Structures are given as structure tokens and as C-alpha cells.
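Welcome, and please have your viewer ready. We will go from one selection to the next, with a short note on what is there.

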Amino acid sequence: AYPIIIGAGLILTIYSFISSFTHRPKFKLEKENIYLAGLAIVIFLASLYPLLGRVGYPTTLSMGNLDPVAYMNVGEYLVSHTVLDGSKMNTLSPSTWSIVDLLHYSFRAGPPIILSFFSVLLHVKTYEVYSILLALVFALTFPLVYLLGKQMLGKSSLKLMWILFLAYGLNSTLLYWLTQAFLPQFLYGGL
């Protein structure tokens, strides 16, 4: 399905560019947005430091939880199968248990579908993109947390941005959340 998804995405991107030229929106690159982007990049690199600085190659980081293994197993399965194919459990093959469980019983099909999409798109195994995608999504949640804080305060504040950067972006508890595959469950539940 990735050619269809890429094609639809390109068509919508072209349409949005064409419509933006006819409506002439006023886009300003404000300092606040530059700071947010910079801090999101710092969070991304800090989240990837154990992978890049210690391991040295793309793999999956985990603090002992087996959820990443289940996600990657299902992601690899979805590279060459459909979600509907994953409804038959072979009791003699334990590797199919997590596939059936994640796709049909625990309602967590979203993260493996996204993993398989990027695996096919980048021509890599799912374990090679897992931690990188999680770190990217986590870094992109920081501006959303800032916007929520800004909405609650009613005004922009550089002090709020730094407090949230320290309390959210560099939080060791959230690092555990990130490496144990709780982030994709949370995001897919929200969707």
C-alpha cells in the first residue's frame, strides 16, 4: 500500500502548495518557532544519544521490556502480509501469537503498521527504524506540550518553554516511557 500512500500524500502536498499561493496566507518565522524547533532537535538528539553514542548503529533500545520485540515481529509480518492475514494463530508457532494478539485482540495495530510502512519505504528492517521513529515522534510532541501550556497560561513565555523543555523533554521517566513502547500505544489510543 505504500505507493498509494505516497501518491496520495504527494497529491495532497501539491494541492496544499497550489491553494496556499491562491490564498496568500501570512506566514512569519517567529523567534518562538525557531526556539521550539531548536529545542525539539535537542530532544531528538538527546533521545538518540544512547543509540548513536553508545551502540553506534541503528537498532532497538529497550530497558528489558519485550513490547518492542512484539511490535517489530508484527511490523516485519506486515511487510509482506495484510492485517487480515494476521487473524490465524498457529499454536505450534509462538511467533504468530504476538501477531494475532496485537492485530486483533489488543487493538494495537497502529504502531506495527507505521513500522512496516517506514521499513518498506526505507528498505530496512523494522528494528533499524524503531528507536529512531520513537525518538522523532517524542521530539515532535514537545511543541504540542508547549502549545498546551501556552494555551493554559494565555500568553507566550520563553520561561515556560525552558521549564517544559527541562521537565518534559529531558525527563528520565519519559525516557523509560519512550524505550518501553508506551509512546506508540498512547499515540495510537489518542488517534
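Start by selecting F165: at 6% relative accessibility it counts as buried, where buried means under 20% relative accessible area, exposed over 50% and partly exposed in between (1.4 Å probe, protein chains only). This is a predicted model, in which local features need pLDDT of at least 70, side-chain atom pairs count only at pLDDT 80 or more, and totals for chains, interfaces and linings use all residues. Residues are numbered from 1 along each chain as its sequence is written, and side-chain values use heavy atoms, with hydrogens and water left out.

The ring centres of F142 and F165 are 6.2 Å apart and their planes stand at 80°, so the pair is edge-to-face. (Rings of Phe, Tyr and Trp, the last by its six-membered ring, pair if their centres lie within 6.5 Å; planes under 30 degrees apart are stacked, over 60 edge-to-face, the rest tilted.) F142 sits in helix α6 and F165 in helix α7, 23 residues apart; helices are DSSP runs of H or I, at least four residues, numbered from the N terminus. Bring in W162 as well: ring pairs link F142, W162 and F165 into a cluster.

Next, show what surrounds F142. Its contacts (heavy atoms within 4.5 Å) include L36, L39, A40 and I43, as well as M161, L164 and Y168, not counting residues up to four places away in sequence.

Finally, where is H123? Look in the loop between α5 (110-122) and α6. H123 has a positive phi of about 55° although it is not a glycine, and at 68% relative accessibility H123 counts as exposed.

Note on methods
Helices (H or I, at least four residues) and strands (E, at least two) are DSSP runs, numbered from the N terminus.
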